[in-house]
Amino acid sequence: MSLLVVGLSHRSAPVSVLERAALSADAQAKLLQDTLAAEPAAEASVLSTCNRIELYADVDKFHAGVAELSTLLAQHSGVGLEELTPYLYVHYEDRAVHHLFSVACGLDSMVVGEGQILGQIKDGLARSQDLHTAGRLLNDLFQQALRVGKRAHSETGIDRAGQSLVTFGLEQLAAGRPVDVWVKDKRALVIGAGSMSSLAAATLARAGVAEVVVANRTLERAERLAQILSEPGGTGVAARAVPMDAVGDELTRADVVVSCTGATGLVLTEAQILRATEGRTGGLSLLDLAMPRDIDGAAHRIGGVRFVDIESLAEASADAPMAADVDQVRGIVSDEVAAFGAAQRAATITPTVVALRTMAADVVTGEIARLDGRLPELDEKQRAEITQTVRRVVDKLLHAPTVRVKQLAAEPGGAGYADALRTLFDLDPEAVAAVSRADLNELNEPVAKNRGRAS
């Protein structure tokens, strides 16, 4: 395993840099394709959220891989390499696994313990699967990260250490009041219809707002979300959808606005916010969860407006108390990293063991054929008994060494046992490679099924 991750997050870079480095869906796809085309990388996946951008790759050279992945991130983010480099972090092999598992558990989130990161990891895996840039290593890694994250949330109280960004953001807007008391009977405008915006709309509806208006560039998606919210089986709130060009008018009627789109420019300008506050008797609360930002930062200076964005959330969360469960989650992560490393190391010996057993089976088949020529008088029952006996002898001879070599290969530094086995038994390298290729072909079959289980 030569896993490498190069990235930046709210822990390593200011929000202003993260905002400029944010990648659109098209940019992420192009980054994956270009990474795979690069010399050191055999597989690639991107994890992109509102406060992190990470590029994962299976590389054959560490230093060349770091240089290449850093350059590609700079090229596709539009932030110059010299400016970006001081904010980049690098993790390799077990440290890279440890990092992703920690991210999946919410330990590295802006709000510790939030669970939405699992959906974002799933999206990253699905994207790399769809583009065929993830092979065995990254498929195994991301799917195991999802399982580790679920385990952390089910076995510990990490959820108590923090909430989703939506809940945390609304609590900041409420300024110490219970969110359900603060939002009661208010009119909410939600801009965007993606996962974060949908979560915001549902959270506001359950908290007791009088109405939710959903605006989105694709009106059909906004209508679908509004319908789900208003259905009796949903939240039952009054909800309707509007096109994006109606946002300015809706802003004048809204009390609470949550925006999270994939737009590259501002969705709400200073002029629109000023117009919405003219003659207003109550205040206007704005929550911007987008990266890059949707709402003009000038909103901080407008009277009657309470504005919370990613940057202010980062400052507020720095003082949030850490739950005792965090230590338990860290223990889970450490155990799972060790288990994942052992499984990956053990997997490297499997094609060699299969090739050895195949060679042994071919030897048995050849010797039985030779025996048939020498003793043609043997009947079918005798021939079958001799064949079975020879196979049992070979299986017993190979059982102990192959089991032991798998155990040894799973230990740190065990990669050389596959080479030793190939040398001792003079195995054809192409036979071993053929087993690996067959395994990889089988891997592609259950991808869609696994994606459903990894939700």
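The model is predicted, so local features need pLDDT of at least 70 and side-chain atom pairs count only at pLDDT 80 or more, while totals for chains, interfaces and linings use all residues. Residues are numbered from 1 along each chain as its sequence is written, and side-chain values use heavy atoms, with hydrogens and water left out.

A disulfide is a covalent bond between the sulfur atoms of two cysteines. Here it was taken as a pair of cysteine sulfur atoms within 2.5 Å. The count by this rule was zero. Burial was judged by relative accessible area: buried means under 20%, exposed over 50%, and partly exposed in between (1.4 Å probe, protein chains only). Cys105 has a relative accessibility of 0% and therefore counts as buried. Cys260 is also buried, because its value is 17%.

Salt bridges were counted next. Each is a side-chain nitrogen of Lys or Arg within 4 Å of a carboxyl oxygen of Asp or Glu. The total came to 20. In one of them, Arg52 pairs with Asp108, with N and O 2.9 Å apart. This pair links distant parts of the chain, 56 residues apart. Arg52 lies in strand β3 (residues 52-59), and Asp108 lies in the loop between α5 (94-104) and α6 (117-130). Helices (H or I, at least four residues) and strands (E, at least two) are DSSP runs, numbered from the N terminus. Arg52 is buried at 2% relative accessibility. Asp108 is buried at 13%.

Another salt bridge joins Lys61 to Asp60, with the closest N and O atoms 3.8 Å apart. Lys61 is partly exposed at 46%, whereas Asp60 is exposed at 53%. Arg392 and Glu385 also form a salt bridge, at 3.8 Å from N to O. Both side chains belong to partly exposed residues: Arg392 has a value of 37%, and Glu385 has 47%. Shared partners join Arg11, Arg52, Glu54 and Asp108 into one salt-bridge network.

Two packed helices are described by the angle between their axes and the distance between the axes. Axes are lines fitted to C-alpha atoms, for helices over the stretch in contact, and angles run from 0 to 180 degrees between N-to-C directions. Helix α6 packs on α7 (residues 136-155) at about 165°, with the axes 10 Å apart. The two helices are therefore roughly antiparallel, a term for angles over 145 degrees. Residues in the contact (heavy atoms within 4.5 Å) include Leu118, Ile121 and Leu125 of α6 and Leu138, Phe142 and Leu146 of α7.

Methods. Angles under 35 degrees count as roughly parallel, over 145 as roughly antiparallel, 65 to 115 as roughly perpendicular and the rest as oblique.
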